[in-house]
Amino acid sequence: MSTRPFWLAEALATEQPAPPTPLQGQHEVDVCIVGGGFTGLWSAITLKTAEPHLRILVLEKDLCGSGASGRNGGCLLTWSAKYLTLKRLFGEQQAAWLVRSSEQAVHEIAHFCKLHDIEAQLRVEGTCYTATSEAQRGLMEPVLQELKRTGLNQWQTIEESELASQSGSHVHLEGLYSPHAGSVQPALLVRGLLRVARELGVEVYEGSPMQRLDAGQPARVQTPEAIVRARKVVLALNSAMTAHFREFRRSIVLVSSDMVITDPAPQALAAQQLAHGRSVVDGRTFVHYYRSTVQGRLMLGKGGNRFAFANRHLAEFDAPSRYLAPLTRTLRRFFPALEDVPVAASWCGASDRSVDGLPFFGHWREQPNIVYGLGYSGNGVAQSWMGGQVLAALVRDVVREEDKMWRDCALVSGPRGYFPPEPFRWLGAMVVRNAIRRKERAEDEGRPVPWYDKRLARLADAAGKADK
C-alpha cells in the first residue's frame, strides 16, 4: 500500500504534476499563507478574488493535499447536529448563524467547483445519521427539538422500511436524513483549489516548509531556501501548529482517524443501494462513517484511535492504518454482501480535536498582522470554507460589510479551553478512550454498561458528530 493516502495518490495519478520547485530567495509580499490545504487555499482564493492587486504567497511543506485536506473521509457535514453545543457556548443568535453558514458552505463549495470546472466527484446528496445499537436510539432528539423550535431543522426521520435502502446497510436501527450534506474526493478538491488559486495569480510553492516565524511589521517567514517578508501572515497549518508553536500544544489533541477503501465493485454497491453520494454516520462517540465513490468503491472510517503523546506528529499518521483488521471486520459486518470485495488501501491522518469540538481563530501572540485557525475536530471539509472566510476577513485592510460577520463571529476567540499537561492529558485520553470502547462494545452486544464507563465516556461528548 502506498504511503500516500488513497485520495491523494488517485488525484496525483490523474494530474501528473511536475516535481515541486521550492521557494528561493528574498520576497516582499502582501500576504503570506503558511499551509496549502483547504483552509489556506480558501483564504488565498477569497482574498485574491476580493483584491486582485494583492501579492499572495502560499507555502506548503509537502504537496497541497498531503495533510488532512487530502486524507479525510470526504464527508461534507454541517454543524446542525451540534446546535446545543453552539448555543451553550455562543448564544442562540450566533449558534443559528453558524448552523446556517455551515449548511451554506456545502452549497458554496459545490457552486465553486461547478464554476471553475473542478472535477472533485462532489455529490450534494445529503447525509444519514443513524443508530447501530439500542443505546443510540433517540440520542439526537434533544437537538432536533431545539432545531425545530428555532426554525432551523432540516432533518427528516427515515422510515424503518426505508432505512436499509437509504443507508445501504441493515445494521442501522433508526436514522435521520439531511439534504445539506454529501461527499467529495477531498484530494481532487484541494488540487482543484490549487489550480484555481494559481490561475488567479496566487503564488503557491510546494516543498517549502516554514522553519521560523518572526513577528514585526513586516513579519518574516523563513524556509530552507527563502525569506519572505509579509505585511500579513495567515497560519493555516492545522495539526502541525503544535510542532511550531508550544502555546497550542494543550489547546488541541492529535488523534488518528483511520480509513479503508475497497476495490471498485459498482454492481455490488448498486445491489446494496449504495450508488449515491450520501455520507452515513452512526451514533457512536468516535463514529463509524462511510460513503461510496463514483467508481463504485466503498470507504469506511472510524475516529478516535491513536492518540499522540505530547501532540507529536507520529510517523504512523502518514502510513497505512494499523487498524486495518478491525476496520475491515466492521466493513464486512456492515456490508456482508461485499464480503468478497478486496480492500484496496488503508490510511489515517491526524485530527486536531479541540476541547469543545469546534475550531478557533485568532491573532498569534496578539500580533495584529498574524492570524491563525485550527481545531476542526474531524469535521472540517465544509467548515474549512468558513475558515477561509474568517481568516481572509481578519487580514483585510479595508473591512467590507460582508466581512464583518466573519471577523466578529464567535469562533474568533482563540482557544476556548485547554487539556491538562502531559503526561496527564495522554493518560486521561487513554482512560476515556478505553472506557468508550468498552461501553460501545457492551452496547453492541446488548450488555449492561458499568456506571464508571458511562461517566468516563461522557467526558468525550464533545468529540461526537452530534450532541446527545
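**Figure 1. Proline 218 in the loop between β9 and β10.** Proline 218 lies in the loop that runs between β9 (212–214) and β10 (219–222). The model shown here and in the other views is predicted. Glutamine 217 and proline 218 are joined by a cis peptide bond, with omega at about 10 degrees. Most peptide bonds are trans.

**Figure 2. The cis peptide bond at proline 423.** Proline 423 is placed in the loop between α12 (401–407) and α13 (424–444). The peptide bond leading from glutamate 422 into proline 423 is cis, and its omega is near 5 degrees.

**Figure 3. Glutamine 16, a residue with positive phi.** Glutamine 16 sits in the loop between α1 (6–15) and β1 (25–34). Phi is positive here, about 50 degrees, although the residue is not a glycine. Most residues other than glycine have a negative phi. Is glutamine 16 buried or exposed? Its relative accessible area is 61%, so glutamine 16 is exposed, the cut-off for that class being over 50%. Proline 52 is 36 residues from glutamine 16 along the chain, and the C-alpha atoms of the two are separated by 29 Å.

**Figure 4. Arginine 365 in the loop between β17 and β18.** The loop that holds arginine 365 runs between β17 (360–363) and β18 (370–374). Arginine 365 has a phi near 50 degrees, which is a positive value in a residue other than glycine.

Figure 5. Methionine 259 belongs to strand β12, residues 252–262. With a relative accessible area of 1%, methionine 259 is buried, since that class takes in values under 20%. Which residues does methionine 259 touch, not counting those up to four places away in sequence? They are Arg71, Asn72, Gly73, Tyr289, Met299, Leu300, Gly301, Leu327, Ala345, Ser346, Trp347 and Cys348. One of these, glycine 301, is 42 residues from methionine 259 in sequence. The C-alpha atoms of methionine 259 and glycine 301 are 4.0 Å apart in space.

**Figure 6. Valine 281 in strand β13.** Valine 281 lies in strand β13, which covers residues 279–281. Valine 281 is buried, with a relative accessible area of 2%. Neighbours within four places in sequence left aside, the contacts of valine 281 are Leu77, Cys128, Tyr129, Thr130, Val287, His288, Tyr289 and Lys465. Tyr289 is also among the residues that methionine 259 touches. Serine 69 is 212 residues from valine 281 along the chain, and their C-alpha atoms are separated by 19 Å.

**Figure 7. Glutamine 389 in helix α11.** Helix α11 comprises residues 383–395 and includes glutamine 389. Glutamine 389 is buried, at a relative accessible area of 13%.

Figure 8. Rolling a probe the size of a water molecule over the atoms shows where empty space is left. How many cavities of 30 Å³ or more does a search of the whole structure find? The search returns three. The largest cavity has a volume of about 40 Å³. Its lining is made up of Ser251, Ser354, Val355, Asp356, Leu358, Phe360, Pro415, Arg416 and Gly417. Sorted by class, this lining has four nonpolar, three polar and two charged residues.

**Figure 9. The whole protein, as context for the close-up views.** The protein has 14 helices and 18 strands. The C-alpha trace spans about 65 × 45 × 45 Å along its principal axes. A compact globule of 468 residues would have a radius of gyration near 23 Å, and the protein agrees with this because its value is 21 Å. Of the 468 residues, 59% are buried. Among contacts with a separation of 6 or more, 76% are between residues 24 or more positions apart. The accessible surface of the protein is about 18,600 Å², and carbon and sulfur atoms account for 52% of this surface.

Technical notes: Residues numbered from 1 in each chain as written. Predicted model: local features only at pLDDT ≥ 70, side-chain atom pairs only at ≥ 80, totals over all residues. Heavy atoms only, no water. 1 Å grid on protein atoms, 1.4 Å probe; cavity = no way out; pocket = protein on both sides within 12 Å on 5 of 7 lines; lining within 4 Å. Points joined across faces, edges and corners; volume = space filled by probe spheres on them. Nonpolar A, V, L, I, M, F, W, Y, C, P; charged D, E, K, R; others polar. Helix = DSSP H or I, 4+ residues; strand = E, 2+ residues; numbered from the N terminus. Rg over C-alpha atoms; globule rule 2.2 N^0.38 Å. Buried < 20%, exposed > 50% of the residue type's maximum accessible area, 1.4 Å probe, protein only. Contact = heavy atoms within 4.5 Å. Areas by Shrake-Rupley, 256 points an atom, 1.4 Å probe, with all protein chains shown as cover.
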